[in-house]
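The sequence and the structure come first.

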Amino acid sequence: MSKNQNKTGAYSFFNCIEKNFDKAARFISSIEKGLLEQIKACNAVYRMHFPVKIGKEIRVIEAYRVQHSHHKLPCKGGIRYSIKVNQDEVMTLAALMTYKCAIVDVPFGGAKGGIKIDPQTISAENIEKITRRYTSELIKKNFIGPGIDVPAPDYGTGEREMSWIFDTFLSLRSGDVDALACVTGKPVSQGGVRGRKEATGLGVFYGIRELCHVKEDMYSVGLDVGLVGKKIIIQGLGNVGYHAATFFHESGALIIALAEREGAIYNEKGLNVSKVFSHLKNTGSILNFPESKNIENTEKALELECDILIPAALENVIHKNNANRIKAKIIGEAANGPITPEADEILEKKGVIIVPDIYLNAGGVTVSYFEWLKNLSHVRYGRMEKKFSENMNTELLQVIETICKKKILTEEKKIILRGPREIDLVRSGLEDTMINGFHKIRDLKKSSKIENMRTAAFVLAINKIIDSYEKLGIFP
């Protein structure tokens, strides 16, 4: 049995991350072992049980909040609602968040939260009770606040839950001028930022697109440069998978298979993503979509011939038992930890390019950072500069028309003259962040002769955290 597995044979998610950390640490010289151990460890683990009255019964709720690192503050990380929530999972996701933030230069320490419930079987009224009570427990222990720890949505949560968290925080911290910044992923009307909902999926798209623009990497796996015509399979049609599929489809890639819990659908010539989601909305399932073939076993969809595979659902879906059957030339980890360490080694030997989760799905925390900054500045992005930019563009266009002695069409003028909207600025910032992050990882991989992108990403993250600790010093 692998040391990354527990007595039941299931993987310890946190030990998998530690193994990747240790692999990267070999490339970092002259660093005290104790400092590496501090970076690897979770700084604070808060496990709680609290009662909530549901109907006529009192139900005891199990919940967690983990702060992995305090090298930067506040800590940052989502809250998931799932019956599968456990301490190992929450610790792992908090650690991943630390490394993600370091890679994309977001000045947060990693955190994560979870409540062990099945939101599908609980009424909205009772989910609100649980959410508000959980928030009050975090406030009691100083585990939430604009400068302390800032939650966000994750699996099973969304804008609704974030609004409840903000409202509870404001009720118990009345008068805090920065209270809006206590949580991100809120509705736009409650201080949220435009572009947050699709941020993780869009970040996945930007990261894979950047890889596909690199001739050397594409030729190494026998592919042409660019996304147009690339055959893509996406597993998981939640928020991340849906938006990633949409952006890839719009870019000219062929989405040949989409997989969900109940099964998968396949069409070698490509699926119309918007029509698939309309079908899903109308029928409650992606199966039996017109002009597609049903695949009963959703795992089999991972093994189909394709150029790019995007696992966007759960951890450990690619493991030692199916890794040899994976035919994709590129795997983009939109989910957290979809590939086990054993599968990683098998795929690496096959020459598969794996774009790691600690970089590729960092789009969500990047845009959460933008929302946090917006809340602290108390002004919407674009509000102060939009009209100024439009006026400057108008004057510039008039000069061009005078010099060229030609009038530009009205429709073209509208596009040229328009000042930046909030969503334009957010997406621009996200695109720049993902492009820079990709090339930092790739450049380090080449210069340090590191075997794969995952190890290079960990080395990049660890070096940045080391730099913080060395400049801060150790207190006392």
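In this predicted model, the side chain of Thr-200 comes to 3.3 Å from the backbone nitrogen of Gly-364. Thr-200 is part of helix H6, which spans residues 199–212. With a relative accessible area of 12%, Thr-200 is buried, because the cut-off for that class is under 20%. Leaving aside residues up to four places away in sequence, Thr-200 touches Val-240, Asn-361, Gly-363 and Gly-364.

**Aromatic pairs**

The structure holds 12 aromatic pairs. One of them joins Phe-205 and Phe-248, whose ring centres are 5.4 Å apart with planes at 70 degrees, so the pair is edge-to-face. Phe-205 lies in helix H6 and Phe-248 in helix H8 (residues 239–250), so this pair ties together parts that are 43 residues apart in sequence. Both Phe-205 and Phe-248 are buried.

Another pair is made by Tyr-359 and Phe-438; the centres are 6.5 Å apart and the planes are at 50 degrees, so the pair is tilted. Tyr-359 belongs to helix H11 (residues 357–360) and Phe-438 to helix H15 (residues 422–447), so the pair ties together parts that are 79 residues apart in sequence. Tyr-359 is buried, as is Phe-438.

The geometry of these two pairs is set out below.

| Pair | Centre distance | Plane angle | Class |
|---|---|---|---|
| Phe-205 and Phe-248 | 5.4 Å | 70 degrees | edge-to-face |
| Tyr-359 and Phe-438 | 6.5 Å | 50 degrees | tilted |

Notes: Residues are numbered from 1 along each chain as its sequence is written. This is a predicted model: local features need pLDDT of at least 70, side-chain atom pairs count only at pLDDT 80 or more; totals for chains, interfaces and linings use all residues. Side-chain values use heavy atoms; hydrogens and water are left out. Helices (H or I, at least four residues) and strands (E, at least two) are DSSP runs, numbered from the N terminus. Buried means under 20% relative accessible area, exposed over 50%, partly exposed in between (1.4 Å probe, protein chains only). A polar contact is a pair of N or O atoms within 3.5 Å; within protein, one must be able to donate a hydrogen and the other to accept it, and residues adjacent in sequence count only if both atoms are side-chain atoms. Contact means heavy atoms within 4.5 Å. Rings of Phe, Tyr and Trp (its six-membered ring) pair if their centres lie within 6.5 Å; planes under 30 degrees apart count as stacked, over 60 as edge-to-face and the rest as tilted.
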